[in-house]
Amino acid sequence: MKTVKNFAPNGAAGSTTGHGGIAPKWMQLRAIEEAREPLGLRATSISILRAMVSFMSADRVSEIADDHHIIYASNAAIAERAHVSIQTVERHVARLVGIGVIQRFTATNGKRWVRRNREGQVTLVSGLSLLPLATRHAEFTALAGKFRRAQEALQVLRDQCTLALARLQETITGGIQDLLDRARRILRRQPQQDALQGLLDESNARA
């Protein structure tokens, strides 16, 4: 289906070039969900993005046609579906645009709308584009995998510290209690790798 540009008011954008998505839209969204923390996104951003994806009737985010990647739902409609305020939608949409997860694909007045032909087929849309979910899918998937591996390595290091401390408790001598107290404070929080590694090294040295 070709875009009929004569339907567009001045300033409306047409489709960008790139590769259409292969993964289903919910799998494309899943990559963002799993990369949420390294992307610096809150859970609310994901909820709003999920609501936006739900407005798209196509199975995949793709550049095949405008209605395969552009959402023309209003902020009010998105807010209702995501169970948040309109102001919250505005803030998180700006954040998602800022990091390139979505794109503004609108007329100069910023309005969102859809044009259809007599058969009801979409000919042009002005709204928010989800195309980066498809074009950056491999990137988001790789980022999620890297973050997951880092978290798994951190958990292993944390467990090693716990086991090393358990061994120390069996042979407590002078000066060890201070180490144990510091270790408990560290492990109660969300320690970084350098803190855990230092604790592990000191624990092994005293074992």
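## How α7 meets α9

Let's start with a pair of helices: α7 passes α9 in a left-handed crossing (the near helix is turned anticlockwise from the far one by less than a right angle; clockwise would be right-handed). This is a predicted model, where local features need pLDDT of at least 70 and side-chain atom pairs count only at pLDDT 80 or more, while totals for chains, interfaces and linings use all residues. Residues are numbered from 1 along each chain as its sequence is written, and side-chain values use heavy atoms, leaving out hydrogens and water.

Helix α7 covers residues 137–169 and helix α9 covers residues 193–206 (helices are DSSP runs of H or I, at least four residues, numbered from the N terminus). Their axes sit 9 Å apart, at an angle of about 30° (lines fitted to C-alpha atoms over the stretch in contact, with angles from 0 to 180 degrees between N-to-C directions). That makes α7 roughly parallel to α9 (under 35 degrees; over 145 is roughly antiparallel, 65 to 115 roughly perpendicular, the rest oblique).

On the α7 side, the contact (heavy atoms within 4.5 Å) includes L154, L157, C161 and L168. Their α9 partners include L196, L199, L200 and S203. By class, the residues of this contact are nine nonpolar, five polar and three charged (Asp, Glu, Lys and Arg are charged; Ala, Val, Leu, Ile, Met, Phe, Trp, Tyr, Cys and Pro nonpolar; the others, Gly among them, polar).

## α9 and its partner α8

Helix α8 (residues 176–188) packs against α9 at about 155°, with the axes 11 Å apart. The two are therefore roughly antiparallel, and α8 passes α9 in a left-handed crossing.

From α8 come I176, L179, R182, A183, I186 and L187, and from α9 come L196, L199, E202, S203 and R206. That gives seven nonpolar, one polar and three charged residues.

## α3 across α5

Which residues do helices α3 and α5 span? Residues 43–54 and 86–98, and their axes come within 10 Å, crossing at roughly 95°. The pair is therefore roughly perpendicular.

Here T44, S45, I48 and L49 of α3 meet T88, V89, H92 and L96 of α5. The contact splits into four nonpolar, four polar and no charged residues.

## A charge over a ring

R81 lies over the face of F55, 3.8 Å from the ring centre (the rule asks for NZ of Lys or CZ of Arg within 6 Å of the centre and within 35 degrees of the ring normal).
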